Amino acid sequence: MPEITYLEAIRQALWEEMDQDARVFLLGEDIGVYGGAFKITKGFLEKFGEDRVIDTPLSESGFVGAAIGAALMGMRPVAEMQFADFISCAFDQIVNMAAKHHYRLREPVPLVIRAPYGGRLHAGPFHSQCPEAWFIHSPGLKVVAPATPYAAKGLLKASIRDPNPVIYCEHKYLYRHAKGEVPPEDYIVPLGQADVKREGTDIALITYGAMVEEGLQAADQMSQEGIEVELVDLQTLYPLDTDTILASVKKTGKVLIVHEAPQVCGIGAEIAAVIAQEAFRDLDAPVVRLTAPHTPVPFSPPLEDYYLPNATKIVAKLTDLASY
Amino acid sequence: MKKGLCANQQSNYTSVMIEGTVVGLGSADLLRFYYYLRLTRGLEDRVIKLYRQGRILGGCYVGTGEEAISVGSACALEPDDVIAPSHRDLGAHLVKGVTPNEYMAQYLGRLTGLTRGKDGTIHFGDLRRRIIGFISPMADGIPVATGVALAFKTRREPHIAVAYFGDGASSRGDFHEGLNLAAVLRLPILFICHNNQYAYSVPVSRQMAVPHVADRAKAYGLPTRIIDGNDILAVYQTTKEAAAQIRGGGGPIFIECKTMRMRGHAEHDDASYVPRELLEEWRGRDPIQKCEHYLREREVPEDQLRAVEARVVKEVEEALDFAEKSPLPDGPEALEGVFAP
């Protein structure tokens, strides 16, 4: 099986979906002539034409609203935020127009918004954010966050084929750092399914995005100490695969939730509450979260290193939890 | 057809009055306009009464005095054109086929309303009748309508999109982003502004530092028209010409309809901040009276006008009866329909 990067997986998903479904089109800043800020859509304008690869003016709210209108007319727009940090410019259209439309009128809004998120690139407070929680908290939206090239391609295809608005969170650090096998034939990763990346019996590590790889490294280290960690990669943040989460909790009795998004009201809080409510008797320790602190994302490397969770910090938390 | 340019120094605007008959309209067309104007006014007057009686939960938003804008423009469109109405465009909904029954049921939160009770007042739409559902944040519908036009252009369809909004909405970012996008991509969309001079309590002089909302549209390169929104023939004719130009690939056009909000922002608002003289001036320019003037000029028999009025009275009462007899949704239905399957 060919091994490709996370970025290439996203590119392939977009290309293949555009190739097989004439309703799919792209809009965003610099995606056409420039090929995208991260070069994901390089070559798309030449292949698909300017009707289907639209370089928009600098107006996230305007072109997300336009994407909603096109979706209502039966097209399948994929709107790109150049950085997830700019998604707040379109917040009103997303949470008020897109998210509530089907509930009110039973008309589908098949829209995908791609949001390049996450830190570790020395990109500072406005190019590193993790805004997932804002959208998980807005009923009517699906939110996905693949961790591997396989999931990146499969989840993007599934998101494009979903008749609902999906916020597709693609982690910028993973673009070139994550490599993996991707089957050549058409496949999807269904929304709403978590993936157990590593089986274990002692602690459940629940995470997503760039923290999956950090978690796997931490798990390997713990294994050398005789502690076996089960790693659950959420993949979809809403709707949450609570069955898989609770099965791992039942199996292990101890839970560490890791996310790069800031602590307060991050998805870790929701998962911890669900576990406390549904699996209290399975727990042998309090549910622990390891997250970024509740500050903006700082720029200078020592600050950002202090800010971000990583394998070393995960090992420390796992070690504490193991001896609880 | 006479065209008179009338400079009105009050409120610092000029209005274009199109007097007389419009080429291509017969008595039947005028009576049809009259029916929709009367139906709009009749339905809204009825919900106002219900509100005062405490029989409406939530707010009550009407477009009293502005009916010619919604009716005149909607009548000038093709059936497959898509509209994105605002909260004072009931007349456009009715022209597109929304029924008095559905309107009343919506206000009373019934299952037979267009949202099955999921939303209230005029927050509805129906893609089968080519109406984009309206939501509360003003101007949000503008980029959405722009996207509808984008779909038409991409698929080479001969339809146009029409976005309705007020003077207040023209201050929001979405107005500017939507108009700019439409202009840059040369999309088949018509923008229709009700400049009714007040956005809740904020007069238009506080809403913008330019004399006309159309001046804002000019900034994005759109051709603009400023017309008397209370003259249904002016609205109809201007819309028809603009729609033809847009359909022919001419790009977006902006029509500003000068009018007056004759009641409060909503029925809880007594609008005491509006000078009485301004209301009196516009009471004399009521769009229904103006339509009656055109009908009489055409020598349409009075009994035909009375017949329309009687029909409207009957339909309004039947609609209220229908709504009151309609079932309310069951509580657990609140959980349904978040996602498309």
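## Exercises on a predicted model

In chain A of this predicted model, 7 strands form an open sheet with mixed pairing, in the order 3-2-4-5-7-6-12.

**Exercise 1.** Find which strands of chain A stand at the edges of the sheet, and explain why one side of each is left without a neighbour.

*Solution.* Start with the order, 3-2-4-5-7-6-12, and look at its two ends. There you meet strand 3 (53-55) and strand 12 (236-238) of chain A. Each has a single partner strand, so one of its sides has no neighbour in the sheet. As you step from one strand to the next, the twist averages 20°.

**Exercise 2.** Work out how strand 12 of chain A is joined to strand 6 of chain A.

*Solution.* First, locate strand 6 at residues 142-144 of chain A. Next, note that strands 6 and 12 of chain A run antiparallel and are joined by 2 bridges. Finally, pick out one pair: A:Val143 has A:Tyr238, in strand 12, as its bridge partner.

Now turn to a helix that packs on this sheet: helix 6 (residues 149-161) of chain A. Helix 6 touches strands 2, 4, 5, 6 and 7 of chain A, and its direction makes about 160° with that of strand 7.

**Exercise 3.** Describe the side of chain A that touches chain B.

*Solution.* Begin with the totals: the contact takes 32 residues from chain A and 30 residues from chain B. Then look for elements of chain A giving two or more residues to this side; they are helix 3 (60-72) and helix 4 (91-105). Helix 3 of chain A supplies the largest share, 10 residues. Last, sort the side of chain A by class: 15 residues are nonpolar, 12 polar and 5 charged.

Notes: Residues are numbered from 1 along each chain as its sequence is written. Chains are lettered from A and ligands numbered from 1 in the order in which they are written. This is a predicted model: local features need pLDDT of at least 70, side-chain atom pairs count only at pLDDT 80 or more; totals for chains, interfaces and linings use all residues. Two strands pair if DSSP finds at least two bridges between them. Helices (H or I, at least four residues) and strands (E, at least two) are DSSP runs, numbered from the N terminus. Axes are lines fitted to C-alpha atoms, for helices over the stretch in contact, and angles run from 0 to 180 degrees between N-to-C directions. Two residues are in contact if their C-beta atoms, placed from the backbone, lie within 7 Å. Ala, Val, Leu, Ile, Met, Phe, Trp, Tyr, Cys and Pro count as nonpolar, Asp, Glu, Lys and Arg as charged, and the others, Gly among them, as polar.
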